[in-house]
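Let's take a friendly walk through the aromatic side chains of this protein. Please keep the 3D view open as you read.

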Amino acid sequence: MVIFHKMHSLKPIIFTNLLFIFLGSTLPLIEAKNILTIKNDESDENLSVFVSGVDEAIITQNAKLGFRPYLHPIKSPNGKGTLTQFSPGHHKHQTGLYWGMTRVNGRDYFHNPDSKYWRRKALKVEIRTGEQVKWTTVYEMLDEDGKAQMIETQSWTMSMTNSKEIILDLEWKGHANKTIIISKYNYGGLFLRMPWKRGVRADTINSEGNKNQSGEGKSAKWVDIGMQIKNLDTDGRMTIYDHPDNDGYPNLWRIDGQFGIGPASSRQGTWSIKKGETKIFKHLLLIYSGEHDAKLIENKWKEWSHSE
């Protein structure tokens, strides 16, 4: 009886200890967060976003005083693969992920990223650390006399899902210092250059099911691009979304022969901004790895656009 009593009295203690061990082992999983942090470089011409647990910067915003702002490199969520390319031989003017209109009062900001066209006014960190970070670039778009005919503001918000997809939310604003005419052209606006070269596996598919070059010049609410990326076991993928509030939605898209992609608001025709007014465009980017994930893309679309 004495032995039985001792064993019986130990049961609650053993159960309590096992429960404590179990909960202790699961708490880090419950509490684990994707904490992002923005760090400025010494020159104050770049800022980089780091995510907890990854040594490499996941995204770098380049914001030089006399050069068009752009994001490069954009890394895969695990930090091992580089998903963007700067100034490739086949398109020297293309700089990772960037915004450039092609015909603005006759000026070409898509093919000309230099100081004759762009002048920085501000680079601001709005939210430096947390589950979501935010930063803003402000640039003068210069006319032929070096005066600012339009003020461009890019506001970027970045987060990471629990399943490690990167979310980039862009609000672009163009404020007209004088009447602005954006002439009809086949491309211009937000544009993505991934590291394509001959022999690299790559594919695109849009919201309407058009694949690769069959999506060139077609209307779509989003385009998903996948590409073979060095140091990744599976393809790196990026989806660009067009927002229902954008003029021309769903816009026509540029998909060039080297898999550069972007929505083209001027492809449907010429549009304008009156002096003193501001035009706004909204876009979202989903960054992930693997096969084309239609369910993931559509779920994120519904969440962001609040539409079917």
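**Rings and their partners**

The charged end of K64 is placed over the ring of F67, at 5.7 Å from its centre. The model you are looking at is predicted. A second case of a charge over a ring involves R107, whose charged end sits over the ring of Y117, 3.9 Å from its centre.

A pair of aromatic rings is described by the distance of the centres and the angle of the planes. Searching the whole structure gives 20 aromatic pairs. One of them joins Y98 and F191: the ring centres are 5.9 Å apart and the planes stand at 50°, so this pair is tilted. Because Y98 belongs to strand β5 (residues 97–100) and F191 to strand β12 (residues 189–192), the pair ties together parts that are 93 residues apart in sequence. Y98 counts as buried, at 1% relative accessibility, and F191 counts as buried at 2%.

Next, have a look at W135 and W156. Their ring centres lie 6.5 Å apart with the planes at 20°, so the pair is stacked. W135 is found in strand β8 (residues 132–142) and W156 in strand β9 (residues 148–160), so here the parts tied together are 21 residues apart in sequence. W135 is buried, with a relative accessible area of 0%, and W156 is buried too, with 1%.

Finally, return to Y98 and F191 and widen the view: together with F110, Y185 and Y187, they form one aromatic cluster.

Definitions and conventions:
Residues are numbered from 1 along each chain as its sequence is written. This is a predicted model: local features need pLDDT of at least 70, side-chain atom pairs count only at pLDDT 80 or more; totals for chains, interfaces and linings use all residues. Side-chain values use heavy atoms; hydrogens and water are left out. Rings of Phe, Tyr and Trp (its six-membered ring) pair if their centres lie within 6.5 Å; planes under 30 degrees apart count as stacked, over 60 as edge-to-face and the rest as tilted. Helices (H or I, at least four residues) and strands (E, at least two) are DSSP runs, numbered from the N terminus. Buried means under 20% relative accessible area, exposed over 50%, partly exposed in between (1.4 Å probe, protein chains only). A charge sits over a ring if NZ of Lys or CZ of Arg is within 6 Å of the ring centre and within 35 degrees of the ring normal.
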